[in-house]
Number of protein chains: 4
Amino acid sequence: MIIMEAGATQEEINFVIQEITRYGLRADVSKGEYKTIIGLVGDERKIPFPHFGSLPGVKEAIPVETPYKLISREYSRFFEAPTEDRIINVGKINIGHNEPVYIAGPCAVESQDQVMRIAEEVKKAGAHVLRGGIFKPRSSVHSFQGLGAKDWKNAEEALKWLHTAGKNYDMPVVTEVRGENQVDLIAEFADILQIGARNMYDQDLLTAVARKKKPVLFKRHFGAGVEEFLSFAEYIAAEGNKDIILCERGIVPVGKGKNYTRYNLDLGAVPAIKKETFLPIIVDPSHAMGRRDLIFNMSCAAVAAGAMGLMIEVHYNPKEALVDAAQMITPPELEKVIKACNNIFDVIRAQ
Amino acid sequence: MIIMEAGATQEEINFVIQEITRYGLRADVSKGEYKTIIGLVGDERKIPFPHFGSLPGVKEAIPVETPYKLISREYSRFFEAPTEDRIINVGKINIGHNEPVYIAGPCAVESQDQVMRIAEEVKKAGAHVLRGGIFKPRSSVHSFQGLGAKDWKNAEEALKWLHTAGKNYDMPVVTEVRGENQVDLIAEFADILQIGARNMYDQDLLTAVARKKKPVLFKRHFGAGVEEFLSFAEYIAAEGNKDIILCERGIVPVGKGKNYTRYNLDLGAVPAIKKETFLPIIVDPSHAMGRRDLIFNMSCAAVAAGAMGLMIEVHYNPKEALVDAAQMITPPELEKVIKACNNIFDVIRAQ
Amino acid sequence: MIIMEAGATQEEINFVIQEITRYGLRADVSKGEYKTIIGLVGDERKIPFPHFGSLPGVKEAIPVETPYKLISREYSRFFEAPTEDRIINVGKINIGHNEPVYIAGPCAVESQDQVMRIAEEVKKAGAHVLRGGIFKPRSSVHSFQGLGAKDWKNAEEALKWLHTAGKNYDMPVVTEVRGENQVDLIAEFADILQIGARNMYDQDLLTAVARKKKPVLFKRHFGAGVEEFLSFAEYIAAEGNKDIILCERGIVPVGKGKNYTRYNLDLGAVPAIKKETFLPIIVDPSHAMGRRDLIFNMSCAAVAAGAMGLMIEVHYNPKEALVDAAQMITPPELEKVIKACNNIFDVIRAQ
Amino acid sequence: MIIMEAGATQEEINFVIQEITRYGLRADVSKGEYKTIIGLVGDERKIPFPHFGSLPGVKEAIPVETPYKLISREYSRFFEAPTEDRIINVGKINIGHNEPVYIAGPCAVESQDQVMRIAEEVKKAGAHVLRGGIFKPRSSVHSFQGLGAKDWKNAEEALKWLHTAGKNYDMPVVTEVRGENQVDLIAEFADILQIGARNMYDQDLLTAVARKKKPVLFKRHFGAGVEEFLSFAEYIAAEGNKDIILCERGIVPVGKGKNYTRYNLDLGAVPAIKKETFLPIIVDPSHAMGRRDLIFNMSCAAVAAGAMGLMIEVHYNPKEALVDAAQMITPPELEKVIKACNNIFDVIRAQ
């Protein structure tokens, strides 16, 4: 809808109406005490709002329809979308159903022994899905970039280790796809394809991954609002793939002076997102906090906020890990987290 | 400590050492491969760090000691502070002990009947402390500012209603002090004095309130980092008053595009703050969310994160409330919140 | 205006209309392809928008009128406000007119000699108004708080020094009022009353200061959006005092990882604010940057962005200053800044 | 350097020293009044700081060396980097030298006529480099994505139009590379390869683009701090390509309530970055503001802040543009911007 300025002239109003017609919609004019408001009847997606916002006499041009209709609860009746929570099947696991799903494993796959041992231990602790990074996004060009960085052959080998570890311990596996060139290779070995926070805006990657028709674990960028996060999930849905697991993992810290966590875990987004979409949402407390001593509390808080699962970095010997050692917990600690979270889930559901 | 630039000259290093000595400390020089670092031996509070940071050849001047020593766990051994969690007694209530404390009531006191009826109903629902605003901080000069705004006599009357309601239903009462001139009057009737988020930086108010020697409920500003929040709590402690209840209530939303909550509830700050200080911390989900449909989940999440209590706005008929109607829950909803939170508290404590 | 959800029922629409009528306005219903929008005819200030936003079937409730009508260019025709830029006279100085105004002086008044010498030197450098802090807001309770902090008599003496220095060198003086109790005393000696960034939300202080009928220098809080900044300036205007000088001084830094300035100077707000209000806006680069080596460029940038003046901290020997030494420039540096800024102002005005 | 907690035991200190040795560095212990600090002698890049930060007894582990040594002024003497401002030659244009460089053109290439006409007009207005998007990053999957989005052949054709337009009017051309798969094709036709803000963190793309040995226009992500921005520029430099043009284009808006610009242009970063690196930095006011009426002022402000150039979106008929119509200016407006900016550049340089 178009809000005119308090002093807009009739000519300016007429020009806006004419422009709306030019874009194939109908204008619905309503005059208030100071201001005229012009509603849009028709397909709002045809309207370039910033253009209208910059026309003479216009104060604001505001879209009133959701930019993520395909995954929206509100529009589901119009777009043949499910009205109930979507349940995503991966092997024997149902994500978004009845109980929280726990995704655990090392930050980076470092060796066959490492990933096999961690798989065994997280399975025992109660995990459902195995995670492990092959291609690691890093802030410094001088840091360890994951085995995948060295060459293509190493990447394939590491993927096989991960795949085998998952198979041996009966867990689907998830790993991050960092660029379009990696999609084919990773889709061969992984059950769930992860798009990391830094790649949330990479629409080519989103499209390429979506076309593999495998479930996608889609992380919110640390500079993205909720509306924008869902608008980019729409890129995946637009390819006909609605097996999208949303993941909150912290946004940029804000405020004068130091905070004591790496990112700001936006748990309020969890129940807010559940009102907007039928897709399941999980939380990654490991990257958000960046310190292992807060993982227990923040895992519990995530489930209490309504998260349908957690993604946690685990290592039998955190000090040894080559990447993100400070935020890893051990398998026994994971077991405690899972037990407490399951209890909290029951408390929440009982309401 | 002072970090010199990679190319700092010996003259520049000497000048820094000389300056350190001038401020009464001793310099401890340590040469690395590229850089020289100069440690400070003595009372760091005497050092103006930005001044040192701007000396020639200096890259950075970093304080290594905590700016909130009086309330710090780390420094407690040096400053005769308790090493255990502080428990704050208000009447029969012990805040920070054994079970979460629930502070509930209307956003604003509107009439004697209103506050009396809400007191009765929140008490029945399980609340421990009654809240109610007399002086309301508002964003628009044209909005209802609380009964206190009209004149001093109205304020006193409203305070008496609140006080009597608390007495009748055996609950201590808390209300916000918005300026120094209100301190004496409010301290006569309130058991806990609240400093609102917008006044967190108002050091004159902090000092005046602290001197009343009553417990202080101290809210984090929505633009303040954790370190800064604790540094301002130190203003209260510096008056010899350590009965400080910290309160997280959301920070400014960030990120491109819309979020769907009024503020960003920073629950990661809760366990992080508990590592730093022995003071109890509670959470106000009402102002953080600004919408009642998220209060249940975010209350549970707060307790799961480690909060020792909640502050929640309650009204028997939210639609009627003159201020913040959208975020109020009803007494029966409060009862559900309290039951679930108590259960979650038990789950957390069992670990 | 009220935007209904795509699936809102007729009952829900009717209830909203009924509520609008109850608040004394008229509803103007307009049906789109998916959504119904309900316009409000009448005085929008009577409407509690969050309340409407939480009614069943409502997606969003958006005010369409400006919350700062009294200082708004847009509404000036309806509210007898000037349609041209407001010019504020202080002694012989006209702020907002023909040339940028330069406010300079020490961060804190430290001694009579100090303020007298700085007054002389900044006057020679081209400054129009003398600044100097008596009551200093500080982050740490252990730092120097300004001479005013010690006792009332010291404050008065320091104010007299400032006043005399201004008189001797023919400059009006400005100093910060940090609390209501200081208003009377400071108004006796200062020509312009400053409300600091940390007190932007302190509506009692705003009202008390506004009533002195002296020009007010009003700083934006570092956590405030532009709309909120102007809404609080409206508190001053609501007292009949429109001699308000707005001041941008930086907002909280944001973004993952370190930035290299103390705050984020939001220069885009300068021309944006000039479109919204007829009040003059100036910029304080000293607090925003926190480092003297960026003051020259950022002063020039501020004037290029459209600022009608600058507020700069100056000391003949920055290293000696007790507060904010790192960001002070010397009088000769100030002279360079003023010359360059005047030239830039001419370039901008020539367009 | 490692800062130990105030109460750290000798065993904890010894363990840290042992760990430092294990990573091949030498520990330099210095004891203060409350705290022990352990310096690191050797190559700091070998140290996993978060790991050290999580060791028992450690308060903080802080890197003291710059993570972007290859492009750093400070380290230039050790890494054979130039100590003077880097000048980047593209055809006859020298970026970073003597006068600001103006990059102008349409947001998106829409037709051969459009790009040819705009090229002619921006050249006449004084532009040096022609810009035009082939692959457009967009927030909504339902918006126009650039001609490149349809198919590869369209992309190639649009690139040829851009290339020819540049050649006809004697301007090098720049266009955005949005994914690794586009690098080869675009490098054939473009003189400067642009990495957009959304891709700043895409290290695979950075590496692939860097290897083309053409100048790279590298935009800061809207969620990135300055240190992080420079750390990712280091990925390009690490491939031996130091022809990097940094570009500030606005960061996420922050603060309670509405701001009136699309992003927050961080002009303070401009002079701050010039202190850190010898690479040239330019500013894109078009995307930052999102509204054409602020472009003139913010262009001038950018040059006053020290920017060595501007990137501006221009269209002969902004209303017609398919993408970002609201922020485009016309060629005559560009001419005014360029004239004013050149004058301001002279004012700044004269100091």
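Helix α8 of chain A is mostly covered, with 11 of its 12 residues buried. The model shown here is predicted. The helix runs over residues 226-237. From first C-alpha to last it reaches 17 Å, close to the 16 Å expected at 1.5 Å a residue. Among its buried residues are A:Phe229, A:Leu230, A:Phe232 and A:Ile236. Charged side chains are on the buried list too, including A:Glu228 and A:Glu234.

Next, look at the loop between α7 and β11 of chain A, where A:Lys213 sits. Phi of A:Lys213 is positive, near 60°, and this residue is not glycine. B:Asp170 lies in the loop between α5 (152-168) and β9 (173-176) of chain B. With a relative accessible area of 43%, B:Asp170 is partly exposed.

Now turn to where chain D meets chain A. On each side, 45 residues are in contact with the other chain. Together the two chains bury about 3,600 Å², 49% of it on carbon and sulfur atoms. The interface holds 4 salt bridges. One of them joins the side chains of A:Arg178 and D:Asp204, at 2.6 Å from N to O. There are also 7 residue pairs in polar contact. On the chain D side, α1, α2, α7 and α8 each supply at least two residues. The largest share, 5 residues, comes from α8(D). By class, that side has 16 nonpolar, 14 polar and 15 charged residues.

How values were computed:
Residues are numbered from 1 along each chain as its sequence is written. Chains are lettered from A and ligands numbered from 1 in the order in which they are written. This is a predicted model: local features need pLDDT of at least 70, side-chain atom pairs count only at pLDDT 80 or more; totals for chains, interfaces and linings use all residues. Side-chain values use heavy atoms; hydrogens and water are left out. Helices (H or I, at least four residues) and strands (E, at least two) are DSSP runs, numbered from the N terminus. The expected span of a helix is 1.5 Å times one less than its number of residues. Buried means under 20% relative accessible area, exposed over 50%, partly exposed in between (1.4 Å probe, protein chains only). Contact means heavy atoms within 4.5 Å. Buried area is the accessible area (1.4 Å probe) that two parts lose on being put together, summed over both. A polar contact is a pair of N or O atoms within 3.5 Å; within protein, one must be able to donate a hydrogen and the other to accept it, and residues adjacent in sequence count only if both atoms are side-chain atoms.
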